[in-house]
Amino acid sequence: MNSIEVFELTKKFGSFTAVDNVSFNVKEGEIFGFLGANGAGKSTTIRMLCGILEPTSGDAFVGGYSIVKSPDKVKLNIGYMSQKFSLYNDLTVEENIEFFGSIYGLFGKSLKQKKEWVLEVSYLRGKEKLLTSSLPTGIKQRLALGLAVIHKPKIVFLDEPTSGVDPIFRRNFWDLINELSSEGITVIVTTHYLEEAEYCNDIILIDSGKIIAQGNPKQLKTNYIHHPIFEIQCENATDIIECLEKQNFVDEVSLFGNNIHVITNSNLKEINQILELLSDKNVKSISKITPTLEDVFIHLLEKKNENQKN
Ligand SMILES: Nc1ncnc2c1ncn2[C@@H]1O[C@H](COP(=O)(O)OP(=O)(O)OP(=O)(O)O)[C@@H](O)[C@H]1O
Ligand SMILES: [Mg+2]
């Protein structure tokens, strides 16, 4: 069953189209990743789906309610952790919990129970009186997520919840997301970290307001790159990239840390071809690899830029 159904959703700011005719479905209980570069239109889409921002055209059903006809019903039935604001920094941990609890109509015993749960998931038991501004980012984000689901919504939107969080805490934050999902909560999450996309059941990639790829991580890796990818470990990457870019059998070359990824455009003995070509360069190893999501996204974005140039 679908938790969210989006139909040709568009948002214009004046003559600028931030979200352009976007349609997709999100299944109940899944973790749905929303990826795209800065300014791609992720937050704008999420704000529309939360019933906060009115679409220019199109509609979406979130938990069965239309964001155009019943935005207030939508708001009551979801949790939302926004990108810019999620907690009052000048309140203590306890005051934030009480404030957000009261917004969602929690008082007395039910608030007390929820408060215990939020303190536990954010590792803040016994630290209720700390000022929120004094918390490390990772803890703050866990507190914010706890508060976004304090009223037990069936759907929660997390807009870049791990931005600025260190890798260990990021992993740890995803354990919490998985926990929510295993309880049947549908999670829609935006991120810039491609390794996080691997943890999602389904993903869409948007660019300039348009969907350019859609599927689960496995589908994305098999459906969008049709030629072999090679990883070259080497010392003088710039030199090698320059050399490869000139070759007819090479489609794309990109730098991944200290390594180079090469997408070829034929299926013929490329590995030997590359080895021969780079015989006088300092290549440590070369191997055929399964594409990462980063390979897929770079490939799609480069293809799109090329099409725009032509
Ligand atoms: N209220 C607004 N008025 C005018 N333009 C806006 C408004 N809100 C967003 N935009 C523009 O719409 C585009 C999409 O913005 P959006 O915030 O949705 O991107 P994003 O994918 O969330 O980016 P980021 O990764 O930086 O958060 C951007 O070019 C942005 O400048
Ligand atoms: Mg954003």
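This is a predicted model: local features need pLDDT of at least 70, side-chain atom pairs count only at pLDDT 80 or more; totals for chains, interfaces and linings use all residues.
V6 stands opposite F24 in β2. Residues are numbered from 1 along each chain as its sequence is written, chains are lettered from A and ligands numbered from 1 in written order, and side-chain values use heavy atoms, leaving out hydrogens and water.

Strands (E, at least two residues) and helices (H or I, at least four residues) are DSSP runs, numbered from the N terminus. Two strands count as paired if DSSP finds at least two bridges between them. Strands of a sheet pair through backbone hydrogen bonds, either parallel or antiparallel.

Now take the four-stranded sheet. Its order is β2-β1-β4-β5, it is open, and its pairing is antiparallel. The edge strands are β2 (16-27) and β5 (65-66), and each pairs on one side only. Eight bridges link β1 and β2, which pair in the antiparallel sense. These two strands form a hairpin with two residues between them. G14 sits in that turn with a positive phi of about 65°.

Next, look at the pairing of β1 with β4. Strand β1 covers residues 2-13, and strand β4 covers residues 57-62. They are antiparallel, with five bridges. F7 has D59 in β4 as its bridge partner. T10 has S57 as its bridge partner in β4. E8 also lies in strand β1. Its phi is positive, at about 40°, although E8 is not a glycine. Most residues other than glycine have a negative phi, and most peptide bonds are trans.

What lies across β1, β2 and β4? It is helix α1 (residues 42-49), running at about 120° to β1. Such angles run from 0 to 180 degrees between N-to-C directions; the axes are lines fitted to C-alpha atoms, for helices over the stretch in contact. Contact means heavy atoms within 4.5 Å.

Move on to the six-stranded sheet. This one is open too, with the order β6-β7-β8-β3-β9-β10 and mixed pairing. β6 (78-81) and β10 stand at the edges with a single partner strand each, so one side of each has no neighbour in the sheet. From one strand to the next, the twist averages 15°. β6 pairs with strand β7 (residues 155-159) in the parallel sense, over four bridges. Y80 stands opposite F157 in β7. Helix α1 packs on this sheet as well, touching β3 (31-35), β6, β7, β8 (186-191) and β9. The direction of α1 makes about 135° with that of β3.

Another helix joins in here. Helix α5 (residues 137-148) lies across β6 and β7, at about 160° to β6. The loop between α4 (108-121) and α5 contains Y123. The phi of Y123 is near 55°, a positive value in a residue other than glycine.

Go to β10, and you find an antiparallel pair. Strand β9 (residues 202-207) and strand β10 (residues 210-215) are joined by five bridges. I203 has G215 in β10 as its bridge partner. The hairpin of β9 and β10 has two residues between the strands, and S208 takes a positive phi near 45° there.

Finally, turn to ligand 1. How many residues surround ligand 1? There are 14, and the closest are N38, G39, K42, S43 and T44. A residue counts as near if one of its heavy atoms lies within 4 Å of the molecule. By class, the shell divides into five nonpolar, seven polar and two charged residues. Here Ala, Val, Leu, Ile, Met, Phe, Trp, Tyr, Cys and Pro count as nonpolar, Asp, Glu, Lys and Arg as charged, and the others, Gly among them, as polar.

A side-chain N or O atom of N38 is 2.9 Å from an oxygen atom of ligand 1. For G39, a polar backbone atom is 2.7 Å from an oxygen atom of the ligand. For T44, a polar side-chain atom lies 2.5 Å from an oxygen atom of ligand 1. A polar contact is a pair of N or O atoms within 3.5 Å; within protein, one must be able to donate a hydrogen and the other to accept it, and residues adjacent in sequence count only if both atoms are side-chain atoms. On its own, ligand 1 has 640 Å² of accessible area, and the protein covers 64% of that. Accessible areas come from the Shrake-Rupley method with a 1.4 Å probe; for residues, only the protein chains shown count as cover. The elements giving two or more residues to the shell are β2 and α1. The largest share, three residues, comes from α1.
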